[in-house]
Amino acid sequence: MILFNRCLFIIFLTVLIAINFPGSSSAQETVIPRLNEKIVFDGYMNEAVWNDLPPLTFVMHTPVFGKEPTEKSDVRIGYDNECLYVGARLFDDSPSEIMMTSRKRDEISAGNDWFQVIFDSFNDKENGVVFATNPLGLRTDYTILKDGIADMPELPFNVNWNTFWDVKTHVDDKGWSLEMRIPLSSLRYKDINGTVTMGLICVRSVPRLNETYISPAIPPNWGRFSFMRVSQAREVKFKDIRSKKPFYIAPYVIGGYQKQNLLNQAETAYYQDNDPKISGGLDLKYGLTNNLTLDVTLNTDFAQVESDDQRVNLTRFDLFYPEKRSFFQERSSIFAFDFEQGNSLFYSRRIGLSEDEPLPLYGGVRLTGMMNKWDVGILDMQTREFNSYKDSSHNLPSENFGIIRMRRNVINKNSYVGAIMSSRAGIDGSYNVSYGADAILKFFKDDYLNIKIAQVVTDSLHYNLFSVNPTAIYANWKRFRNEGLGYNFSYGRYGKDYDPGSGFHMHDNYSYYNGSLRYGWLCKEASALQSDGFQVTLMNYQSNLTGKTESSILSAGYYFNMKSGMFSYQGINRQFESVTDSFEFSDKACIPPGNYNFWMLEMHSMTASVKPFYIGMDLFAGSFYDGNRFSVMLAPSWNVSASVQLKAEYEYNRLRFSTRGQKFEGNVGRLRALWMMSTKLSFSSFIQYSNADHYTGVNLRFRYNPREGVDLYVVYNEGRNSDLNREVPHLPALSDRTFMVKFTYTILARK
């Protein structure tokens with residue numbers, strides 16, 4: 001009780017100081033001119049109006065910050081009542097060596113010459129939207145989260161986000177050129193007295209030279225994602241924008257069949273269920289205001305989403321899988337309420353998925369944008385009743401999932417206070433409600449304080465506002481930088497009844513301590529190294545019930561980044577685990593209860609991804625509980641041509657517990673192939689095998705995307721059992737097979 005009240009007081013005092021603390025901004029500011037004549041959208045900057053627009057000034061971002069770029073770039077930006085236009089003439093002294101290895105929609109790799117434009121459209125200094133292309137005119141768009149601050153292995157961007165825009169490119173004997181046409185309706189923004197202020201960053205990559213150019217001059221002080229630091233963007237102003245509010249209607253139709261082998265009610269044999277399917281649905285997007293968007297989805301379907309990667313779980317906790325479904329991507333960062341890694345109050349995969357089985361959805365609504373000074377996100381989804389064909393204990397009633405998230409800027413343009421409430425309610429009367437408040441405060445140049453408090457209320461527990469049992473408390477102080485001293489200190493406490501029904505957490509009833517120190521260097525121009533440094537980290541999980549340590553990891557390592565693009569990390573870990581309940585890797589290997597201390601070598605490396613062929617490697621070797629472990633993952637990638645990409649992954653895990661006569665070998669193999677006939681037509685295959693799950697999966701997808709909003713998908717999925725005798729009755733060879741055709745056609749209406 002005392003701890004809870006003290007934390008409440010600290011949060012209240014911090015927020016009070018934040019709201020009354022004045023802030024300032026030293027960002028550069030530029031006025032973007034309005035176009036006085038129409039542009040012919042053809043990829044050439046031939047119209048005279050382009051000459052009336054001021055060019056942006058670029059400097060070298062890497063490998064030597066501030067140096068004059070080797071290649072010249074002429075980039076100009078203008079707008080009219082409908083669209084924002086970006087034109088670029090990207091000169092190259094060796095045009096035959098320009099790298100263009102992909103036509104794939106949403107490609108994001110280093111093996112292409114790239115041009116990217118980043119908009120902080122709400123000018124919130126934290127989130128951005130990116131439009132990127134290569135000389136072949138592929139379209140890649142993604143969102144930037146958390147001001148580009150990377151908490152590895154999590155990445156500070158979301159490439160699954162898509163919006164409406166277009167690009168045309170040309171390659172000639174002087175280099176390459178492009179024109180981007182971005183509807184203003186695709187950029188949600190704040191209009192203050194007829195003026196819109198956004199953050200702007202432009203980035204050009206020339207991989208054969210291992211050089212990146214940037215405007216404005218943002219240094220690489222924060223690692224390889226420094227160019228995404230939207231807080232460092234140039235502020236640009238648009239005068240008298242008169243865009244029409246978007247109104248998109250996207251009906252879809254889907255047809256096909258699904259074949260499954262299911263266990264009968266007596267559990268004595270399998271029978272085949274053939275389920276022909278024809279259905280339809282509707283997605284609607286409506287711009288209520290320039291900065292507030294309403295999305296509606298009816299009879300939601302995600303048939304085109306690629307299968308999750310098969311993984312071998314060598315821990316005693318659930319694995320975290322990323323969200324891939326498009327409906328949950330737009331402005332997804334507003335719904336984030338994350339504690340330490342593997343712990344979040346809201347996890348969108350709780351909606352429409354159960355034990356990785358898809359749940360039918362009636363549909364839902366989402367409202368995102370700005371209301372006065374508040375960043376707002378509202379989401380509500382309704383699932384149908386679900387009866388699992390795998391395990392009746394996974395059956396679920398029809399449920400409603402709702403979340404409301406609000407944040408506002410305080411102190412300076414990198415500090416926020418906010419609140420959240422999420423609910424999960426079934427028609428059987430069950431409910432789980434979570435709510436919380438948080439503050440992210442930037443007091444110094446690279447120092448951030450993150451404070452969160454949350455509680456859970458359920459139908460099965462007596463509610464007590466001042467109890468620590470349903471409460472989560474978290475505080476983190478971080479200095480994020482790649483050069484000099486960096487640190488990261490965290491504390492969290494999660495009560496025994498803290499279990500958010502719409503969230504994700506791996507531990508129960510525990511306290512968390514984390515401390516990390518890092519010192520890095522940015523190397524001189526003559527060095528082959530781009531940067532290097534040392535890092536020491538201690539993580540500790542402690543039981544609130546017993547006060548004893550459940551798990552702790554002490555790690556120390558050295559990392560380096562080469563100017564060629566190669567990366568490597570080598571470290572050694574000392575780990576302690578207190579196991580109270582045994583857990584299994586297979587029928588022949590388990591970890592019994594007990595206390596364990598073990599040491600392990602950890603390595604991560606990747607060759608230069610700017611090359612057509614590159615390979616990544618992860619390695620773990622050493623003692624493991626009361627045995628030993630050797631794990632290696634190899635991930636070669638080959639850009640065969642601009643039309644063909646091949647990627648493979650092989651993961652091998654070898655566990656030996658000689659004193660108990662147990663062993664385990666877990667293998668996962670994945671093979672991805674992509675054939676891109678054009679930027680609009682592609683065929684992909686994804687084949688994976690896991691001996692731990694005795695499973696082989698095939699995912700084949702054909703996509704025709706003549707323009708944004710018009711999509712034809714032909715999808716084939718098949719799952720097969722590789723060990724038929726592991727259960728009684730014996731399993732059938734075929735687990736499931738699905739063939740689906742989905743067509744979506746988006747209609748643009750105007751208010």
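The model is predicted, so local features need pLDDT of at least 70 and side-chain atom pairs count only at pLDDT 80 or more, while totals for chains, interfaces and linings use all residues. Residues are numbered from 1 along each chain as its sequence is written, and side-chain values use heavy atoms, with hydrogens and water left out.

The structure holds 35 aromatic pairs, where rings of Phe, Tyr and Trp (its six-membered ring) pair if their centres lie within 6.5 Å, and count as stacked with planes under 30 degrees apart, edge-to-face over 60 and tilted for the rest. One of them joins F598 and Y625, whose ring centres are 5.0 Å apart and whose planes stand at 35 degrees, so the pair is tilted. With a relative accessibility of 2%, F598 counts as buried, a term for under 20% relative accessible area with a 1.4 Å probe and protein chains only, and Y625 counts as buried at 7%.

Elsewhere, ring pairs connect F337, F339, Y474, Y494, Y498, Y510, Y512 and Y541 into a cluster.

Charges also meet rings: R229 lies over the face of W222, at 4.7 Å from the ring centre, and R408 lies over that of W374, at 5.6 Å, where the test is NZ of Lys or CZ of Arg within 6 Å of the ring centre and within 35 degrees of the ring normal.

Key. Buried means under 20% relative accessible area, exposed over 50%, partly exposed in between (1.4 Å probe, protein chains only).
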